[in-house]
Amino acid sequence: MILITGATGTTGREVVAELRRLGARDVRALVRDPARADFIREAGFEAVAGDFEKPETLGPALEGVERALLLTPPTPDTVTHQREFILAAAAAGVRHVVKLSAVGADADAPEGFGKWHGQSENLLKSSGLKWTILRPNFFMQNLLGQAGQIASTGSIFQPVGDARASFIDARDIAAVAARTLTEDGHEGQTYVLTGPEALSYHEVAAKLSEATGRSINYVPISPEQFRAGALGAGLPEWLVSALERLNEIFAAGHAAGVTDAVRRVGQTEPTPFDQFARDHAAAFKGE
Ligand SMILES: NC(=O)c1ccc[n+]([C@@H]2O[C@H](COP(=O)([O-])OP(=O)(O)OC[C@H]3O[C@@H](n4cnc5c(N)ncnc54)[C@H](OP(=O)(O)O)[C@@H]3O)[C@@H](O)[C@H]2O)c1
């Protein structure tokens with residue numbers, strides 16, 4: 001039995017689709033709200049109620065599970081969520097946990113997603129469980145969160161200057177996750193997952209213009225403008241700080257590396273940004 005967590009999210013939905021495509025059997029998804037799990041049942045998989053905030057729900061969900069995907073939501077409780085799951089997995093006799101981490105994960109990094117994932121990676125590695133770590137770069141899908149604003153203003157506002165990042169499509173992360181959950185040979189491996197090319201936001205804007213037939217440009221902003229805008233839009237302080245840390249990594253060029261892990265492990269060609277832009281052109285046009 002394979003257990004998927006985060007199954008209703010951006011990556012998890014694609015993992016469900018990919019496992020179905022690979023013909024995987026005996027798949028269970030942990031969901032907070034079983035009413036939102038129709039697509040899981042339609043894939044021929046089982047949905048079980050569970051919540052990282054209620055650790056007592058994790059043990060029953062893990063009963064009979066051999067391999068699990070540990071995918072937690074982006075919150076400052078990441079380490080607590082991951083610790084509870086790792087403890088429950090070890091207690092349930094799970095053999096192998098595949099953890100969705102993040103590029104640059106480092107327990108010694110300043111407070112933020114990189115630190116929380118680095119600390120969680122260390123917990124998993126010292127748990128006695130077999131492990132695989134997936135460290136994806138910035139998701140292309142993050143841009144969908146700004147699609148309304150991009151459509152209405154014709155602009156992308158980011159505080160990263162001319163720096164480049166090798167954005168990855170969540171579908172490609174899912175391809176790798178599904179392979180590591182269904183094949184042997186990935187235990188003890190850390191895979192850094194990237195898209196096929198590193199792009200600046202100038203290039204992203206040009207590709208979105210091409211896909212939408214509209215003029216979209218990139219407006220570099222200062223870190224101070226980013227903070228004021230994010231707080232003004234209602235984002236909580238912890239998230240603004242965590243995003244600032246990610247912006248620093250991006251602006252310093254540390255997210256520009258390109259790896260072949262999607263092709264090698266996921267056995268698929270990494271999705272170019274042009275394709276992503278075409279697939280989501282309607283959203284970037286505000287339709
Ligand atoms: N975005 C990026 O650029 C990026 C880059 C590298 C790494 N990451 C990492 O990727 C992860 C997020 O992946 P994603 O964007 O695919 O996720 P997502 O779309 O934010 O979805 C989060 C998932 O977690 C579930 N969830 C939320 N709270 C829960 C709880 N208390 N108990 C159980 N499940 C809960 C959600 O279920 P509901 O439907 O019930 O809400 C949903 O399925 C984070 O760990 C983040 O640090 C992101």
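This is a predicted model: local features need pLDDT of at least 70, side-chain atom pairs count only at pLDDT 80 or more; totals for chains, interfaces and linings use all residues.

This report walks through the sheet, the helices packed on it, the ligand's surroundings and a few single residues.

Start with the strands. Seven of them form an open sheet in the order β3-β2-β1-β4-β5-β6-β9, and their pairing is parallel. At the edges you will find β3 (46–49) and β9 (189–193), each of which pairs on one side only. From one strand to the next, the twist averages 20°. As background, strands of a sheet pair through backbone hydrogen bonds, either parallel or antiparallel.

Now zoom in on strand β4, residues 67–70.

| Strand pair | Bridges | Direction | A facing pair |
|---|---|---|---|
| β1 (residues 2–4) and β4 | three | parallel | Leu3 and Ala68 |

Next, look at what lies against the strands. Helix α1 lies across β1, β2 (27–31), β4 and β5, and runs at about 150° to β1. Helix α5 (residues 113–125) also packs on the sheet, where it touches β5 and β6 (130–136). The direction of α5 makes about 175° with that of β5.

**Around the ligand**

How many residues surround the ligand? There are 24, and the closest are Thr8, Gly9, Thr11, Arg32 and Ala102. Helix α1 (residues 10–21) supplies the largest share of this shell, with three residues. By type, the shell divides into 11 nonpolar, eight polar and five charged residues.

**A buried residue in a loop**

Find Asn137, which sits in the loop between β6 and α6 (147–153). Is Asn137 buried or exposed? Asn137 counts as buried because it has 25 C-beta neighbours inside 10 Å, and 20 or more are enough for that label. Leaving aside neighbours within four places in sequence, the contacts of Asn137 include Val103, Phe167, Leu193 and Ala255. Arg13 gives you a sense of distance: Asn137 and Arg13 are 124 residues apart in sequence and 18 Å apart in space, C-alpha to C-alpha.

**Two residues with a positive phi**

Most residues other than glycine have a negative phi. Against that background, Asp26 is worth a look: it is not a glycine, yet it has a positive phi of about 55°. Asp26 lies in the loop between α1 and β2. Gln267 is not a glycine either, and has a positive phi of about 55°. You can find Gln267 in the loop between α11 (261–266) and α12 (273–279).

How exposed are these two? Asp26 is partly exposed, because 13 other C-beta atoms lie within 10 Å. Gln267 is partly exposed as well, with 13 other C-beta atoms within 10 Å.

Conventions
Residues are numbered from 1 along each chain as its sequence is written. A residue is near a molecule or strand if its C-beta atom, placed from the backbone, lies within 6 Å of it. Helices (H or I, at least four residues) and strands (E, at least two) are DSSP runs, numbered from the N terminus. Ala, Val, Leu, Ile, Met, Phe, Trp, Tyr, Cys and Pro count as nonpolar, Asp, Glu, Lys and Arg as charged, and the others, Gly among them, as polar. A residue is buried if 20 or more other C-beta atoms lie within 10 Å of its own, exposed if 12 or fewer, and partly exposed in between; C-beta atoms are placed from the backbone. Two strands pair if DSSP finds at least two bridges between them. Axes are lines fitted to C-alpha atoms, for helices over the stretch in contact, and angles run from 0 to 180 degrees between N-to-C directions. Two residues are in contact if their C-beta atoms, placed from the backbone, lie within 7 Å.
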